Amino acid sequence: MAVTLEKVADRPRPLYDVATHYCPGCSHGVIQRLLAEVITELDIQQRIVGVASVGCSLPIYHYLDIDFVCAPHGRAPAVAAGLNHALPGRAIFTYQGDGDLAAAGMGQIVHAAARGDRIAVIFANNATYGMTGGQMSPTTLLGQKTSTTPQGRDAQAGYPIRVAELIAGLPGATYVARMAVNNPGNIKRAKLALIRAFQNQMHNRGLSLVEILGICPTDWGLSPAESLTWLKNYMIPYYPLGELKSI
Amino acid sequence: MKGCEAVGEAALKAGCRHFYAYPATPATDLVEYMARRLPASGGVFMQADSEISALGMVYGAAAAGKRSMTALAGPGVGLCQESISHLAASELPCVLVHLSRSGPGQGNVLPSQGDYFQATKCGPGDYHLLVLAPSSVQEAADLTCLAFYLADKYRNPVMVLADGALGQLVERVNFSDRDLDSLPEIHWEVAGAAGRPRRVISSICFSVSELAEHNLKLKEKYRDMARAHTLFEVYEGQDAKVLLVAFGTAARVAAKAVDKLRAEGYQVGLMRPITLFPFPSDALKERVSQVKAFLVVEMNLGQMLEDVERAVLGQRPVDFLGITGGAVPTPEQITAAVKETWEKHC
């Protein structure tokens, strides 16, 4: 009997066929693949500009075959706003981690949302500074051990910031969601949120922000499987998932 | 026209349609002028939440190949140094208009030249800005136009450094077209990779060899700039025994002092650097044999002085008159200082 083989899954075209620098289990690879799928499905590979930030998120420009600008630490939303003014109608997004967006760049993201800049912000939250070796970030949970909170973060070191809720409170932000990439169902939902974020941005409705909870097994000191459990047990209760705002 | 307005109008005439700024005194008049003029000219005006964000937006618009500008006052430049370093490293053109005020710290909002170091010696890393220092409203307009040209030509940020007094000065301005060489077409901007390979605008070089190569390429560029665009003006220099060296507002007053002193029979002249980087060191060196002494006049406590001393290399005395606190030197202060230098060295 003749067998006809049909290809049912492939690497999305915008994703370069290269090995990434990411550690085993890291969520950046999952999120970046989702981005590549979304870019393909929306057919925007030739009219999208990404803004890379500082941290483990930075080398995204090595993995996606699209125009990129690399921003100074935390400044990605401002750079993206300038790009949007210069290139109306294009898909413009930032890819930022929690150290970049919620610490050095808090001023930029809050005011970009306040202005309603027509940009999509992809915010990868793994509750630690990945690239610099697992220090406390603004989204590190209370009790979470990091290299700068070796006994676990206590309130004296500050409370973790719920970025999606903060941004959703600003009128200029018109699509805000928090997703996670810890299981296939959530990964699918995250992809839908990314699609909505880009559609919202390209229709000039205001700022879109998709916070995506992910894992950092290396800096958390857990195996990838343990990390996924930790995300489910500790991160999601503090950072609830869902669409917070869709106008 | 006010200095601030002349700069804004010159920027519009040079094709600047993207302006982002934080309203910091004494740069506010320029910010307000652009707020009035840009939307009507089909451009983008955006008041930013900080100089840091303003530079971020300049960075984005410049990356898309648009002529972009910001207006800064002294302390705001400090906030921007990170972004300026990125712009220079990523080779993005833009114009930074810097109307300096008195410091350090909060200081006051009166005019000063205390940001000479900050403008010419730059922020983190190993790079340079071109720094143009006008001393009249007409020259502020001309140099703003030149700044856009040089920014595009060299793909480098260019700073127009004036002080708050020049921003407020009202003089006649003629916006005649500059006779500038044509610029090469832009072929590096991002816009979405349609019909071409994708592009990345970045200042990151991961390996030692890659970064060294990049930095040496930038160094070559700075050398080319210095060869082609070191600008200065010499006033009454022909037989000067005392040569004043001053820029910007201080140079305006120094020129008046030269006239007074010449009328009294003193052989005194003025060298006015127009580019502070590249600094006209060679032009100063050439005058060492003729001049008995140099007198640097600045509205600070001795910043350009260091560049003059480096050019003169101890071959002649270099005296200094520094005015600080937000005051502009008077012709009398300068003539008195010249006479003192004359007594000592001539």
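Strand 2 of chain A and strand 8 of chain B pair in the parallel sense over 2 bridges; two strands count as paired if DSSP finds at least two bridges between them. Strands (E, at least two residues) and helices (H or I, at least four residues) are DSSP runs, numbered from the N terminus. Within this pairing, A:Val69 stands opposite B:Ile201 in strand 8 of chain B. The structure is a predicted model, in which local features need pLDDT of at least 70 and side-chain atom pairs count only at pLDDT 80 or more, while totals for chains, interfaces and linings use all residues. Residues are numbered from 1 along each chain as its sequence is written, and chains are lettered from A and ligands numbered from 1 in the order in which they are written.

Strand 2 of chain A (residues 67-70) is also joined to strand 1 of chain A (residues 48-52) by 4 bridges, and these two strands run parallel. Here A:Cys70 of strand 2 is found opposite A:Ala52. These strands belong to an open sheet of 8 strands with mixed pairing, in the order 7(A)-5(A)-6(A)-4(A)-3(A)-1(A)-2(A)-8(B). In general, strands of a sheet pair through backbone hydrogen bonds, either parallel or antiparallel.

The contact between the chains takes 27 residues from chain A and 30 residues from chain B, where two residues are in contact if their C-beta atoms, placed from the backbone, lie within 7 Å. On the side of chain A that touches chain B, two or more residues each come from strand 1, strand 2, helix 3 (76-86) and helix 5 (106-115) of chain A. Helix 3 of chain A gives the most to this side, with 8 residues. By class, the side of chain A that touches chain B has 16 nonpolar residues (Ala, Val, Leu, Ile, Met, Phe, Trp, Tyr, Cys and Pro), 5 charged residues (Asp, Glu, Lys and Arg) and 6 polar residues (the others, Gly among them).

In chain B, strand 13 (residues 293-298) pairs in the parallel sense with strand 10 (residues 242-245) over 4 bridges. The bridge partner of B:Leu244 in strand 13 of chain B is B:Leu295. Strand 13 of chain B is also joined to strand 14 of chain B (residues 318-322) by 5 bridges, again in parallel, and B:Phe294 stands opposite B:Val318 of strand 14.

Key. A residue is buried if 20 or more other C-beta atoms lie within 10 Å of its own, exposed if 12 or fewer, and partly exposed in between; C-beta atoms are placed from the backbone.
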